[in-house]
Amino acid sequence: MRGIIRRPVRRVEAAGLRTGLRWKLSAAIAMVGALVAIALSLVVHNAARVSMLDNARELALERLQIPQRNYILTRRVNFSGARIDDPNLPTALREKTEHGRRATFVTQRSGKAPDIWAAVPMKDGHVLSLHTHFTGRSSDVMKDLDQALVIGSIAVVLGGSALGVLIGGQLSRRLRKAAVAANRVARGETEVRVREAIGGVVRDETDDLARAVDAMADALQQRLEAERRVTADIAHELRTPVTGLLTAAELLPPGRPTELVLDRAKAMRTLVEDVLEVARLDGASERAELQDIMLGEFVARRVAAKDPEITVRVVHESEVTTDPRRLERVLFNLLANAARHGRPPIEVTVEGRVIRVRDHGPGFPEKLLAEGPSRFRTGSEDRAGQGHGLGLTIAAGQARVLGARLTFRNVRPVGVPEHVPGEGAVAVLWLPEHAPTTTGSYPMLP
């Protein structure tokens with residue numbers, strides 16, 4: 001089956017609401033501020049109301065002394081709101097006066113100001129009471145207080161939201177910088193450091209995360225570099241004995257056994273050369289030798305020399321600046337992969353800076369489409385398939401040196417279920433609009 005190269009796994013996130021950290025912090029601070037403001041407003045409102053009612057009750061008791069003296073002297077009550085044995089006197093207040101105590105009482109009527117009652121027992125067994133209302137001035141004071149509390153609560157919520165946006169924005173900005181730097185590291189830019197990317201003077205948990213990511217990236221880079229060196233060293237050491245084996249096989253007498261030995265020796269030499277090329281590409285030391293070529297004419301001539309039966313269609317000719325040798329390597333690897341794992345006819349299309357190679361086989365394996373090519377990984381789970389998974393690995397590596405993108409997809413008619421095999425595989429090479437630099441070019445994958 002088809003070989004695969006490693007690419008960052010791209011997962012499709014489930015559809016859902018996505019919010020930024022700054023808005024979450026702002027909402028949390030606003031909610032906490034609103035709850036605190038409401039609680040404090042209720043406490044202040046109730047405390048002010050109780051205090052004003054207490055003052056009104058004390059004032060009622062003081063005013064009650066005037067009709068009390070008049071009644072003692074004249075047996076008459078000539079004071080507004082004062083009465084003897086008022087039938088509307090609240091029961092609770094009457095019970096207190098029966099025990100010989102001066103007392104006050106507040107009654108609340110729905111939608112109206114509270115009523116203030118004050119009563120005192122007289123020596124002749126009667127009860128003198130004074131009935132007043134919560135003054136309009138007190139009600140106005142309470143309304144002004146409530147209005148001030150509402151305005152203050154709104155100001156607290158808005159201020160908390162602004163503070164949340166400010167703090168969350170700063171933290172979110174640092175995290176976004178860290179994510180961008182981490183993505184650059186994932187794309188192979190080993191000189192990037194997350195801690196340097198986020199900057200800032202204040203140290204917080206973001207710096208700890210950045211240092212951990214940098215340490216992880218350094219450790220992975222060291223392991224990858226060690227693996228690359230070991231692979232390159234092994235392949236390089238195998239070159240000499242494999243070359244000797246091939247030379248010795250050519251000296252054997254003609255016959256079927258000799259042909260088999262030569263075939264296996266050539267396959268081993270090809271494998272060693274491919275492994276060395278992969279090691280060089282992994283080392284990111286390869287540089288393109290640029291030339292100006294007419295892309296359609298170049299592809300048509302190279303494909304005709306490789307296999308005259310392959311159809312080449314130039315939709316739109318264009319002049320590009322690229323490395324012809326590396327471009328030819330990518331093109332031949334794609335054609336070899338299509339010939340080995342697909343079915344004819346194989347079609348090559350050139351349109352501007354885009355080259356498409358299509359076969360009519362079963363299509364690329366799902367792992368390749370999901371993760372991209374990976375060396376020594378073929379589409380056969382039991383490793384019984386042909387090839388070593390290096391062809392597309394090398395093609396993708398050379399494409400990166402050219403500053404190009406190499407993508408893969410299967411041709412599937414609309415409405416066909418996923419389990420039904422496709423009607424061919426398409427590899428697309430997107431050459432860059434601008435030539436790669438002398439330091440190499442590694443574009444972001446789509």
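A: Here is a short chat about the sheet and some salt bridges.

Q: What should I know before we start?
A: This is a predicted model: local features need pLDDT of at least 70, side-chain atom pairs count only at pLDDT 80 or more, and totals for chains, interfaces and linings use all residues. Residues are numbered from 1 along each chain as its sequence is written, and side-chain values use heavy atoms, with hydrogens and water left out.

Q: In what order do the four strands of the open sheet come?
A: The order is S1-S4-S3-S2, with antiparallel pairing. Strands are DSSP runs of E, at least two residues, numbered from the N terminus. Two strands pair if DSSP finds at least two bridges between them.

Q: Which strands stand at the edges?
A: Strand S1 (82-84) and strand S2 (103-107) do. Each has a single partner strand, so one side of each lacks a neighbour in the sheet.

Q: How many bridges join S2 to S3?
A: Five, and S3 covers residues 115-121. Threonine 107 stands opposite aspartate 115 in S3.

Q: New topic. How many salt bridges are there?
A: The count is six. A salt bridge here is a side-chain nitrogen of Lys or Arg within 4 Å of a carboxyl oxygen of Asp or Glu.

Q: What does arginine 83 meet in a salt bridge?
A: Aspartate 86, at 3.8 Å from N to O.

Q: Is aspartate 86 buried or exposed?
A: Aspartate 86 is buried, at 5% relative accessible area. Arginine 83 is partly exposed, at 43%. Buried means under 20%, exposed over 50%, partly exposed in between (1.4 Å probe, protein chains only).

Q: And arginine 326, buried or exposed?
A: Arginine 326 is buried, and so is aspartate 323. Their side chains form a salt bridge at 3.3 Å, N to O.
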